[in-house]
Amino acid sequence: MKQEYREVYENMSFFGFTVEEWFVNTQSSFQKIECFRSKSHGVVLALDGLIQLTEQDEFIYHEMLVHIPMLVHPNPKNVLIIGGGDGGSAREVCLHTCVERVDMCEIDGQVIETCKQYLKCTATGMNHPKVNVMVGDGIEFVKQAKDNSYDVVIVDSSDPVGPGVGLFNSIFYRDVFRILTTNGIVVAQGESPFYQIAAVRNLRKAMQEVFPITATYLANIPTYPSGLWSFAYAAKTLSPKQFSQQRASLIASQCKYYNEEIHLASFVLPNLVKKSIGMNEK
Ligand code: SAM
């Protein structure tokens, strides 16, 4: 097995790891699954050649994807995670003691099994008693879900390729709107502002067609393309800057990246991102 792993961008540049030990290199019914121990970042999971998470920095992505909506919502009890087959988002959601039930709909059971075996740091989230793990297409799940059934929906998907494509359009977000409660909030991982700005823009537009309140926020994720990653926020009533300081400082004390200041600062965008998602620059 090759001792170097490369994630290649547009066939012109790449980011990679020296591999210490290979665990999984297989084609599931949905995607190519690779999992290995790197010399520098611990265990790595890649899907269809795209790095999904590393043991060393997965906490950044999961803390920022989950705690922003969970702290803006005043009392999130029922949460839905689409994707998230590594368990990291479920782990972070369960830090919020107000949560009563987490439904998690991951399309690829082989991702779940791979993470349970080799990525215990995130897979623990799937063993929590409040978490109900289902294997299925999140698009179909949302279509069938009842009105007003979730306070927060977290779209922890892979990139807009393969099974993930349908999670980046307004048809999907119309269903998400319907299944959210009155003060419902949805967030989604939103791709790289440097390498996939069209995807960042299109996701924001898809949400804007459906939700009255939308925003884009950023985090530094060293092992994602360019090291800068975006997240898309949409809500029926609540601005992302309204959150309980008291709850946020309790959560922040359990986090390695998230804190109350970063919550606000993450919505401050560089001009090039503002321009490319159609916000006025000044
Ligand atoms: N949480 C990881 C991270 O730190 O970035 C990455 C996301 S997680 C591994 C992405 C998951 O979304 C994959 O396991 C993939 O199978 C799943 N997925 C993609 N399309 C989906 C769909 N339509 N329904 C449910 N899950 C889907």
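**Salt bridges, cores, cysteines and a patch**

Arginine 6 is partly exposed, with a relative accessible area of 41%. Buried here means under 20% relative accessible area, exposed means over 50%, and partly exposed is in between, with a 1.4 Å probe and protein chains only. Before going on, the basis: this is a predicted model, where local features need pLDDT of at least 70, side-chain atom pairs count only at pLDDT 80 or more, and totals for chains, interfaces and linings use all residues. Residues are numbered from 1 along each chain as its sequence is written, and side-chain values use heavy atoms, with hydrogens and water left out.

Back to arginine 6. Its salt-bridge partner is glutamate 4, with the closest N and O atoms 2.8 Å apart. A salt bridge is a side-chain nitrogen of Lys or Arg within 4 Å of a carboxyl oxygen of Asp or Glu. Glutamate 4 is partly exposed, also listed at 41% relative accessible area. The structure holds 10 salt bridges.

Helices (H or I, at least four residues) and strands (E, at least two) are DSSP runs, numbered from the N terminus. Are these two partners buried or exposed? Glutamate 58 is buried, at 6% relative accessibility, and arginine 91 is buried at 17%.

Arginine 174 and glutamate 209 also meet in a salt bridge, at 3.6 Å from N to O. Arginine 174 sits in helix α6 (residues 170-179) and glutamate 209 in the loop between α7 and β11 (213-220), so this pair ties together parts 35 residues apart in sequence. Arginine 174 is partly exposed, at 45%. Salt bridges with shared partners join Glu58, Arg91 and Glu92 into one network.

The largest nonpolar core has 44 residues, and Met64, Val93, Ile154, Tyr217, Phe231, Tyr233 and Tyr258 touch the most other members. Helix α1 (residues 58-72) gives the largest share of this core, 10 residues. Apart from it lies another core, of 26 residues, among them Ile179, Leu180, Val186 and Met207. A nonpolar core is a set of buried Ala, Val, Leu, Ile, Met, Phe, Trp, Tyr and Cys residues joined through side-chain atoms within 4.5 Å.

Phenylalanine 243 is in the loop between β12 (228-235) and α8 (245-252), and is buried at 13% relative accessible area. Phenylalanine 243 and valine 72 are 171 residues apart in sequence but 4.4 Å apart in space, C-alpha to C-alpha.

Now the cysteines. How many disulfides does a search of the whole structure find? The search finds 0, a disulfide being a pair of cysteine sulfur atoms within 2.5 Å. The sulfur of cysteine 94 has its closest cysteine sulfur in cysteine 98, 11 Å away, too far for a bond. For cysteine 105 the closest is in cysteine 115, at 16 Å, again too far.

Last, the surface. Phe194, Tyr195 and Leu272 form a nonpolar patch with about 290 Å² of accessible area together. Patch residues have over 30% relative accessible area and no salt bridge; like charges are joined within 9 Å, and nonpolar side chains (Val, Leu, Ile, Met, Phe, Trp, Tyr) within 5 Å. Areas come from the Shrake-Rupley method with a 1.4 Å probe; for residues, only the protein chains shown count as cover. Phenylalanine 194 is partly exposed, at 48%.
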